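Here is a quick tour of a few spots worth a look before you set anything up. Have the model open and follow along.

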Amino acid sequence: MAVQLGSRLRDTRGRMLRDMRISVTDRCNFRCVYCMPKEIFGRDYDFMPHAMLLSFEEIVRVAQAGAAHGVHKLRLTGGEPLLRKDIEKLVAMLAELRTTEGEPLDIALTTNGSALAHKAQELRDAGLKRVTISLDSLDEATFRAMNDIDFPLARVLDGIRVADEVGFDAIKVNTVVKRGANEDDVLAIAEHFRGTGVTVRFIEFMDVGTTNGWNLDQVVPSAEIIHRISAVHPLEQVPPAYPGETASRWRYADGAGEIGAISSVTEPFCGNCTRARISADGKLFTCLFASKGHDLRALLRAGCTDAELEDALGGIWGARDDRYSELRSADTPTERIEMSYIGG
Ligand code: SAM
Ligand code: SF4
Ligand code: SF4
């Protein structure tokens with residue numbers, strides 16, 4: 001019953017539940033300055049003990065409940081998802097799930113690319129369709145400064161090369177642009193991937209969490225990025241591929257492919273936000289900027305049935321009212337979850 005009701009599930013603003021981002025760990029080997037600043041995420045930072053993490057079986061049950069309510073896309077994230085042992089086994093388990101129309105779910109993963117070269121083949125074999133690699137600069141010094149662990153650029157580029165050889169359906173690159181850090185690298189990144197079939201998406205630096213020292217002066221508006229690239233390689237806007245697409249799409253006029261811009265700060269897209277986020281310890285967040293999640297792990301570990309889990313998910317989504325980015329203002333909650341916890 002819950003399946004039929006669920007397939008029409010909408011929140012209080014009429015938004016459906018279409019995507020689920022699942023964080024599989026809160027740990028990461030990088031310390032990107034905009035996400036896990038070293039001063040906070042240092043040696044004595046309390047990461048979650050393994051027992052707190054959802055098991056693969058628990059993750060599959062949550063994803064299945066999502067699928068029963070209309071979820072079509074799953075994205076594995078973190079922390080760094082490739083640090084979770086046997087992640088490819090989870091991918092294989094999720095690949096068995098079906099949408100309400102009986103189709104396999106679209107499974108994607110976002111990674112910093114550091115372990116991609118040796119993981120790409122097994123991930124693909126397990127059923128991973130799409131991979132997104134975060135890459136903030138092609139300048140060695142800037143790249144190392146932004147990951148803040150001196151990680152060499154070549155290893156991430158190698159990961160992207162192997163992913164390409166393995167033959168994923170789509171490879172994307174995410175570049176967070178921070179004023180004063182990497183805004184001058186935007187053109188080089190666009191040029192590097194022009195004509196390769198890899199789509200780069202430039203992301204405005206967001207005020208997620210409370211540790212990254214965000215302020216509006218550090219945000220480079222997408223319009224500026226598009227202008228910089230278009231001045232050299234003319235771009236034309238492309239209509240969204242589907243309603244709710246978070247990136248605005250731009251095509252090179254000479255046919256060399258596309259880039260995207262995610263303008264979470266300057267052009268919020270809450271009206272189309274169809275995304276639920278599950279933290280590594282099994283809390284459901286209905287907004288990236290929520291301060292509190294709904295504890296699905298407690299339900300799972302109390303022995304709930306699949307129908308009860310679906311009902312709980314339906315109830316939470318049905319009551320959802322979030323639109324933080326549209327309101328971003330004096331109302332900003334002071335307690336906010338970190339990106340490394342919820343996975344972007
Ligand atoms: N570790 C993986 C990675 O970096 O791809 C997955 C998790 S990471 C939290 C997911 C995405 O969030 C990355 O593309 C990262 O660049 C982005 N991100 C992290 N902090 C951000 C911020 N403050 N503003 C915008 N994007 C951010
Ligand atoms: Fe790690 Fe990704 Fe955050 Fe960078 S953005 S610190 S790679 S979780
Ligand atoms: Fe969705 Fe919240 Fe981001 Fe708005 S602020 S787009 S509701 S996650």
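Phe-205 has a relative accessibility of 1%, so it counts as buried (buried is under 20% relative accessible area, exposed is over 50%, partly exposed is in between, with a 1.4 Å probe and protein chains only). Phe-205 sits in the loop between β6 and α8 (222-230); helices (H or I, at least four residues) and strands (E, at least two) are DSSP runs, numbered from the N terminus. Setting aside neighbours within four places in sequence, Phe-205 is in contact with Tyr-34, Val-176, Val-177, Lys-178, Asn-212, Trp-214, Gln-218, Val-219 and Val-265, where contact means heavy atoms within 4.5 Å. From Phe-205 to Ala-117 it is 88 residues in sequence and 27 Å in space, C-alpha to C-alpha.

A word on ground rules: this is a predicted model, so local features need pLDDT of at least 70 and side-chain atom pairs count only at pLDDT 80 or more, while totals for chains, interfaces and linings use all residues. Residues are numbered from 1 along each chain as its sequence is written, chains are lettered from A and ligands numbered from 1 in the order in which they are written, and side-chain values use heavy atoms, with hydrogens and water left out.

Now step back into β6 (residues 199-204). Six of its six residues are buried, so the strand is largely enclosed by the rest of the structure. Thr-199, Arg-201 and Ile-203 point one way, Val-200, Phe-202 and Glu-204 the other, and all are buried.

| Partner of β6 | Bridges | Direction |
|---|---|---|
| β5 (residues 170-177) | six bridges | parallel |
| β9 (residues 258-262) | four bridges | parallel |

For landmarks, Lys-172 has Thr-199 of β6 as its bridge partner, and Val-200 stands opposite Ile-259 in β9. β5, helix α7 (residues 186-193) and β6 also make a right-handed β-α-β unit; right-handed means that, with the strands pointing away from the viewer, the path from the first strand over the helix to the second runs clockwise.

Next up is helix α4 (residues 116-126). Its buried residues are Leu-116, Lys-119, Ala-120, Leu-123 and Ala-126. Viewed down the α4 axis, these fall within an arc of 135 degrees, so they line one face of the helix (the arc is that of the directions from the helix axis to the C-beta atoms). An α-helix has 3.6 residues a turn, so residues three or four places apart point the same way. His-118 and Asp-125 are exposed on the other side of α4. The cover over the buried residues includes α3 (87-94), β3 (106-111), β4 (130-134) and α6 (153-166).

Which residues other than glycine have a positive phi? One of them is Asp-86, at about 60 degrees, in the loop between β2 (73-77) and α3. Asp-86 has 25% relative accessibility, so it counts as partly exposed. Another is Asp-150, near 65 degrees, in the loop between α5 (140-147) and α6.

Last, the ligands. Around ligand 2 are Cys-28, Phe-30, Cys-32, Tyr-34, Cys-35, Met-36, Gly-79 and Asn-112, with a heavy atom within 4 Å as the cut-off. That shell has six nonpolar, two polar and no charged residues (Ala, Val, Leu, Ile, Met, Phe, Trp, Tyr, Cys and Pro count as nonpolar, Asp, Glu, Lys and Arg as charged, and the others, Gly among them, as polar). The shell around ligand 3 has seven nonpolar, one polar and four charged residues, including Cys-270, Cys-273, Cys-287 and Arg-277.

Key:
Two strands pair if DSSP finds at least two bridges between them.
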